[in-house]
Amino acid sequence: MLVFRSTTAAWLIAAAAACVSPAVVAQPVNGPLARTLRDIFDVAWERQPDARAAAARRAAAEAGRAATQRLTAEPAALELQGKTGRSGSGGREYEAALTFPLWLPGERTRAASLADAQLAAVDLRVRAAQLKLAGTVRDAWWTLKRSEVELAAARDRVSSARQLAADVTRRVQAGDLARADQHQADSAVAQAEAAVAEADSARASAEGTLRGIVLAAPAPGAPAVPEPTPASSATPEHPVVAEAKSRALVARRTMELTSTQRSANPELTVGASRETGGAGEPSVQSLIVGIRVPFGGGPRQDARVTTAQAEALEAEAIADVEQNRVTSEAESARARLQASQAQVQAAERRARLAAETRGFYDKSFRLGESDLPTRLRVELEAAEAQRALARSRVEAAAAVSQLRQALGLLPE
């Protein structure tokens, strides 16, 4: 049972100030400290492997797309040959030719479609990676905020317990209370101090977890400002679903290209040869034009096509599963947000009534109309009500983040 009074008020004032102060919310992350959830996310994303590799992946996809614009399936190859006469007459023959791999029918178009799908998949992969990181950061952030609420409540409880113990000490010295009451008051102080130590340990653990994700320290005492509540209107497609669909499209385009590549690419050869005869014989020059058509088909090619078909079907099934999952999670997140908002309203009523009751019993205790155990019980009930109120507000803010996560929205 933890007391939460003056520290709660200070925390709420700081949170309100952060909500209306653009300088706080939009503070850039130039140093090791981060004050908001968005700051934490931005710092963490800069250090992610996906963020660092995104530009290289995009360049690779663009290079693949550019390769489909060539006139030939592969770069041309140069062939040089030299032959000597068999009879020893001194004749020689030289050949120089260029070999051009040609596109198979429909191969170039389908290769371009695959390259386009791969290029789009790069950006969608980045979005999905960002959302995954956002979920991890959000969980760690709100765990830290919960631990800070508990620590603030514990510290406030110590302050209240010490004030009450000091009052009891004066009354014991005046002969109004027994020494047993002094022991009860001192025991309440010791219990509150133990709660502070436990809460401080939990806060340090939560901060360490967040620091391990971000590789930077969050600013101490950063307010738990809730994210904007998403509107109930249509939201953009969920990044996880979009990525799954892009993977399915890439698999489908790969299958189509594989079914086209039934054999190796034919090759067109264009060149020239020069044959020199023996002594006194004239040179002979000739033009070389040829085409090489490999045979295709067979069990090996059938296995490639079948494997590509299986991968396409699997990717499409995964996309359907992801769509159903995110829809269900969004519905659950909306229900949790509504429940948390109702809890805040109930906690506010409870805290108001408990504070009034505490005022009544504080006055009656000072007048000697109620005993210390009753006074301690009422104090603890009021403190628990304030703690529950602060915790419910943090839970409501966390529920907004969970809903945004379920809808595929990044921290703001």
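Predicted model: local features only at pLDDT ≥ 70, side-chain atom pairs only at ≥ 80, totals over all residues.
The secondary structure of the protein comprises nine helices and six strands. The chain has 412 residues, and 41% of them count as buried.

Helix packing was examined pair by pair. Helix α4 spans residues 49-67. Its axis and that of α5 come within 9 Å. The two axes cross at roughly 170°. An angle over 145 degrees counts as roughly antiparallel, and α4 is therefore roughly antiparallel to α5. On the α4 side, the contact is made by D50, A54, R57, R58, A61, E62, G64 and R65. On the α5 side, the contributors include A112, A115, D116, Q118 and L119. V122, D123, R125, V126 and A129 of α5 also take part. By class, this contact of α4 with α5 has eight nonpolar, two polar and eight charged residues.

Helix α5 also packs with helix α6, which covers residues 179-214. The axes of α5 and α6 come within 8 Å and cross at roughly 165°. That angle makes α5 roughly antiparallel to α6. The crossing of α5 and α6 is left-handed. Their contact has 23 nonpolar, six polar and twelve charged residues.

A further pair is formed by helix α7, residues 239-260, and helix α8, residues 299-366. Their axes come within 8 Å. The crossing angle is roughly 165°, so α7 and α8 are roughly antiparallel to each other. The crossing of α7 and α8 is left-handed. By class, the contact of α7 with α8 has 13 nonpolar, five polar and eight charged residues.

Burial was then considered for helix α3. This helix runs over residues 37-46. Seven of its ten residues are buried, so α3 is largely enclosed by the rest of the structure. The buried residues of α3 are L37, D39, I40, F41, V43, A44 and W45.

Q130 is found in helix α5, which covers residues 107-173. Q130 has a relative accessibility of 17%. The cut-off for burial is under 20%, so Q130 counts as buried.

A129 is buried, with a relative accessible area of 15%. Not counting residues up to four places away in sequence, A129 touches W45 and D50. W45 belongs to the buried residues of α3, while D50 is one of the α4 residues in the contact with α5. A129 and D50 are 79 residues apart along the chain. Their C-alpha atoms are separated by 6.9 Å.

Other residues pair with partners from elsewhere in the sequence. G208 is placed in helix α6. Its relative accessibility is 32%, and G208 counts as partly exposed. G208 and L144 are 64 residues apart in sequence. In space, they are 9.3 Å apart, C-alpha to C-alpha.

A224 is placed in the loop between β4 (217-218) and α7. A224 is buried, with a relative accessible area of 5%. A224 and K145 are 79 residues apart in sequence. Their C-alpha to C-alpha distance is 6.4 Å.

T357 lies in helix α8. At 31% relative accessibility, T357 counts as partly exposed. T357 and A382 are 25 residues apart in sequence. In space, T357 and A382 are 7.9 Å apart, C-alpha to C-alpha.

Note on methods:
Residues numbered from 1 in each chain as written. Heavy atoms only, no water. Helix = DSSP H or I, 4+ residues; strand = E, 2+ residues; numbered from the N terminus. Buried < 20%, exposed > 50% of the residue type's maximum accessible area, 1.4 Å probe, protein only. Axes fitted to C-alpha atoms, helices over the stretch in contact; angles between N-to-C directions. Parallel < 35°, antiparallel > 145°, perpendicular 65-115°, else oblique. Left-handed = near helix turned anticlockwise from the far one by under 90°. Nonpolar A, V, L, I, M, F, W, Y, C, P; charged D, E, K, R; others polar. Contact = heavy atoms within 4.5 Å.
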